[in-house]
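Me: I have a structure open and would like to go through parts of it. Can we take it a piece at a time?

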Amino acid sequence: MCKLSILVPTYNKEKYIAECLDSIFMQRTNYSYQVIIPDDCSTDNTLNIVSQYQEKYPGKIIVLTSPKNQKLYKNILRAYEITKTDYFTVLDPDDYWIDKYKIQKALNFLEENPEYTLHISNSYQKLKDGSIVPFSSFQDVDSDFQNYLKGNPALAHTSGTIFRNVIFKHGIPEKMLHLPNPTCEISFRGDSFRNVIHLHEGKARTVSHYESVYRITEEGIWQQLTEFEQNLTNTQIFLNFWLYFDKKYPEIVLRAVLHFKLTEASLQKLDKNSISQEKFIQKLQQFKQLRELLAPLLDTITK
């Protein structure tokens, strides 16, 4: 059985996915690995490129196709469902690794230190003009869940992180399968949630090496959002994290309240031309719902 699953969730990434896959298959490691590619009904040449890599590396790539576009959360859930290896990582198809020993170093550490659930390295970011600058600049440091609650965990970019598979190896948590509403999907689709639930189960080792590149693109989900939408998203994320942990950690819901205050401020200065009317109405409704939920919580926290 493979030791590591590399999840590459794709949708219309024909411009970048070859560089991503090349960076995986350049790895020099004695650990076996597989690449799982859930494709969200791409309409470009992505799947044709992936098919070429399947021929070049037989038995190494699992492709999960979809008859319709489901968006990122449902798309990556399909990969989590079949990820039963001891370790996994998520490498977005527009990002890539630059250290050919990344897998070897991370798994060597995790194999020797079972109390750690994350191994993290620094990443560069490739800007839209092609320049490459540091995204994170951590020195060698450990973090645990208390660091997260205090707001100072050493967590870097998705492309730099490899996880011990202590969650999905046993199935997807029921709370992830039965979300209250589609708005909650944004909280559980990305690296923030993966980091938190794994940090809750162990420690993170962050190393100073730069081993990956995070590409900034016009299609980036976060980059497309206005400041108002980003703050609103963060509010929703922290509220959902608090609920996921059964309201156990007031530090998390306090963070939701603080981000909601930022949301209020950014709403006041929002350029209405920067967001479609339909989307604005939808986000405003979400804003009002969060305000109703957080108003009594703020009173409880401040007493």
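Me: Which helix does Phe280 lie in?
Reply: Phe280 lies in helix H11, residues 277-302. Helices here are DSSP runs (H or I, at least four residues), numbered from the N terminus. The model is predicted, so local features need pLDDT of at least 70 and side-chain atom pairs count only at pLDDT 80 or more, while totals for chains, interfaces and linings use all residues. Residues are numbered from 1 along each chain as its sequence is written, and side-chain values use heavy atoms, with hydrogens and water left out.

Me: Is Phe280 buried or exposed?
Reply: Phe280 is buried, because its relative accessible area is 17%. Buried means under 20%, exposed over 50%, and partly exposed in between, with a 1.4 Å probe and protein chains only.

Me: What does Phe280 touch?
Reply: Leaving out residues up to four places away in sequence, Phe280 touches Leu267, Leu270, Lys272 and Ile275. Touching is contact, meaning heavy atoms within 4.5 Å.

Me: What span should H10 have?
Reply: H10 has 19 residues (250-268) and should span 27 Å. The expected span is 1.5 Å times one less than the number of residues. The end C-alpha atoms of H10 are 28 Å apart, which agrees.

Me: New topic. How many aromatic pairs are there?
Reply: The structure holds 22 aromatic pairs. One of them is Tyr80 with Phe88: the ring centres are 6.3 Å apart and the planes are at 75 degrees, so the pair is edge-to-face. Rings of Phe, Tyr and Trp (its six-membered ring) pair if their centres lie within 6.5 Å; planes under 30 degrees apart count as stacked, over 60 as edge-to-face and the rest as tilted.

Me: Are those two buried or exposed?
Reply: Tyr80 is buried, with a relative accessible area of 1%, and Phe88 is buried at 0%.

Me: What about Phe193 and Tyr244?
Reply: Phe193 and Tyr244 form an edge-to-face pair, 5.1 Å centre to centre with 85 degrees between the planes. Phe193 lies in helix H8 (residues 191-199) and Tyr244 in helix H9, so the pair ties together parts 51 residues apart in sequence. Phe193 and Tyr244 are both buried.

Me: Which cluster do ring pairs make?
Reply: Ring pairs link a cluster that includes Phe193, Tyr244, Phe145, Tyr148 and Phe188.

Terms used
Helix = DSSP H or I, 4+ residues; strand = E, 2+ residues; numbered from the N terminus.
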